[in-house]
Amino acid sequence: VRLNTIPHFDLDGGCDPIVRVLVRAEDDHQPIVVFGTDTIGVKHVSPSSKVFDLSLPAVRVAGDFALHLFDRDLLREEKMGTLWLHSLFLHAPLLDEVCGVYRSLSAEECERESLPQNTSSLTFSKAHIDGAAKDLRDAKFDPDFHLEIFFTSPPNLRGCGPNLSQERRSSAQDAAGAMLLERARDKYQRAVLQAPASAAVLSFEEWVVKHWTGSDFGEYGHGMRLNRQGSLVSGANNGTQ
């Protein structure tokens with residue numbers, strides 16, 4: 001997923017972009033998150049960068065799916081924009097621009113970009129991205145901002161890949177994890193503000209490992225713990241995140 005010009009959500013005019021991929025199951029209208037780039041790292045991007053690539057592994061989707069773009073800061077995240085798509089229309093958008101501008105990458109471009117051969121892309125302008133389209137004064141997005149999605153169509157494969165039923169069963173645990181991390185970040189912020197000027201400043205991850213205790217989980221995560229990256233994991237040996 002390529003950002004062309006950088007959204008202005010931080011004080012320096014840049015942002016800390018992440019993208020989450022959601023898939024809607026055929027038997028359930030509730031979308032399920034199947035991947036987020038925040039699981040592999042978050043990077044601050046200054047406005048001088050102009051172009052930034054959010055690299056994803058081979059995330060397999062089919063049917064209705066969405067890309068949610070967030071600005072992820074230490075203590076909060078803010079939604080920047082959303083795109084809902086359908087895999088049936090990736091290669092043949094119903095309406096040009098509204099459903100994305102399609103192009104097929106040449107073999108040379110695929111090699112230069114380190115992308116698989118037969119990669120294609122869809123480009124969406126600011127006016128066709130939910131959230132960005134509301135920025136009529138260009139305060140958060142440059143007028144020429146656009147989002148380009150690169151994808152391939154694997155032969156002889158159907159379905160979205162992930163076990164959505166299993167994902168739904170773990171949704172309550174995911175919600176508990178989000179609440180735990182919110183609570184941890186609030187406590188960390190207060191600890192930093194109240195610390196003496198001479199005290200060494202711990203990173204959020206270091207603070208979690210040193211100060212977060214089992215009693216802090218309360219009713220939100222029996223048998224759960226925070227790992228050294230500050231993510232919620234099961235207390236069982238499988239370490240499912």
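This is a predicted model: local features need pLDDT of at least 70, side-chain atom pairs count only at pLDDT 80 or more; totals for chains, interfaces and linings use all residues.
1. The residues that line the largest cavity are Val1, Val19, Leu67, His68, Leu69, Gly81, Thr82, Leu83, Ile129 and Leu147. Two elements, β5 (64–72) and β6 (77–86), are those that give two or more residues to this lining. Rolling a probe the size of a water molecule over the atoms is what shows where empty space is left.

2. The sheet of 5 strands. An open sheet is built from 5 strands in the order β4-β1-β9-β8-β7, and the pairing in this sheet is antiparallel. Its edge strands are β4 (51–53) and β7 (101–104), each of which pairs on one side only. From one strand to the next, the twist in this sheet averages 20°. As a reminder for reading the model, strands of a sheet pair through backbone hydrogen bonds, either parallel or antiparallel.

3. Strand β9 and its partners. Strand β9 (residues 146–151) pairs with strand β8 (residues 120–125) in the antiparallel sense, over 6 bridges. Within this pairing, leucine 122 has isoleucine 149 of β9 as its bridge partner, and phenylalanine 124 stands opposite leucine 147 in β9; Leu147 is also one of the residues that line the largest cavity. Strand β1 (residues 2–4) is joined to β9 by 3 bridges, and these two strands likewise run antiparallel. Here arginine 2 has glutamate 148 of β9 as its bridge partner. How far is β9 enclosed by the rest of the structure? Of the 6 residues of β9, 5 are buried, so the strand is largely enclosed by the rest of the structure.

4. The sheet of 4 strands. A further open sheet is formed by 4 strands in the order β3-β2-β5-β6, again with antiparallel pairing. β3 (31–36) and β6 stand at its edges with a single partner strand each, so one side of each has no neighbour in the sheet. The twist in this sheet averages 25° from one strand to the next.

5. Aromatic pairs. A search of the whole structure finds 2 aromatic pairs. In one of them, phenylalanine 9 and phenylalanine 141 are arranged edge-to-face, at 5.7 Å centre to centre and with 75° between the planes. Which parts of the chain does this pair tie together? Phenylalanine 9 lies in the loop between β1 and β2 (17–24), whereas phenylalanine 141 lies in the loop between β8 and β9, so the pair ties together parts that are 132 residues apart in sequence. Phenylalanine 141 also forms a tilted pair with phenylalanine 145, with 5.0 Å centre to centre and 55° between the planes. Through these ring pairs Phe9, Phe141 and Phe145 are linked into a cluster.

6. Residues with positive phi. Two residues deserve a look at the backbone. Threonine 5 has a phi near 75°, which is a positive value in a residue other than glycine; threonine 5 lies in the loop between β1 and β2, and at 11% relative accessibility it counts as buried. Lysine 50 is not a glycine either, yet its phi is positive at about 70°. Lysine 50 is placed in the loop between β3 and β4 and is exposed, with a relative accessible area of 51%, the cut-off for exposed being over 50%.

How values were computed. Residues are numbered from 1 along each chain as its sequence is written. Side-chain values use heavy atoms; hydrogens and water are left out. On a 1 Å grid over the protein atoms alone, a cavity is a set of points where a 1.4 Å probe fits but cannot get out, and a pocket is an open set with protein on both sides within 12 Å along at least five of seven lines; lining residues have an atom within 4 Å of a point. Two strands pair if DSSP finds at least two bridges between them. Axes are lines fitted to C-alpha atoms, for helices over the stretch in contact, and angles run from 0 to 180 degrees between N-to-C directions. Buried means under 20% relative accessible area, exposed over 50%, partly exposed in between (1.4 Å probe, protein chains only). Rings of Phe, Tyr and Trp (its six-membered ring) pair if their centres lie within 6.5 Å; planes under 30 degrees apart count as stacked, over 60 as edge-to-face and the rest as tilted.
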